[in-house]
Amino acid sequence: MIILCLAGQLAALRKKLGMSHEVLASRAGVTRAAISFIESGKRKPTLLILLKLANAMNIDLSTLLRKAERTLEK
């Protein structure tokens, strides 16, 4: 369940920043398909991938995880 909340947070933040899948993937050093699969909940990201995505969006990983946790609590 937390993975789906995290996926939603990643997608929302990426869109808020005006980033496409391609831009985020390039900045994070992952594939566009990986971003798409993670955001759709079809793939569980590793901690390293989460860290890369957070860094690419200029957000602390802990902040991203807390936002996902708060979404889960609602």
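Mentor: Let us begin with a term: buried means under 20% relative accessible area, exposed over 50% and partly exposed in between, with a 1.4 Å probe and protein chains only. This is a predicted model, in which local features need pLDDT of at least 70, side-chain atom pairs count only at pLDDT 80 or more, and totals for chains, interfaces and linings use all residues. Residues are numbered from 1 along each chain as its sequence is written, and side-chain values use heavy atoms, leaving out hydrogens and water.

Trainee: Okay, which residues are buried in helix 4?

Mentor: They are Ile49, Leu50, Leu53, Ala54 and Ala56, where helices are DSSP runs of H or I with at least four residues, numbered from the N terminus. These residues lie on the same side of helix 4 because they cover an arc of only 165 degrees around the axis, the arc being that of the directions from the helix axis to the C-beta atoms.

Trainee: And what do the buried residues of helix 4 pack against?

Mentor: They pack against helix 1, helix 2 (21-28), helix 3 (32-40) and helix 5, with contact meaning heavy atoms within 4.5 Å. On the other side of helix 4, Leu47 and Leu48 are exposed.

Trainee: Switching topic, where is Asn58?

Mentor: Asn58 sits in the loop between helix 4 (47-56) and helix 5 (61-73), and its phi is near 55 degrees, a positive value in a residue other than glycine. Most residues other than glycine have a negative phi.

Trainee: Is Asn58 buried or exposed?

Mentor: Asn58 is exposed, with a relative accessible area of 72%.

Definitions and conventions. Helix = DSSP H or I, 4+ residues; strand = E, 2+ residues; numbered from the N terminus.
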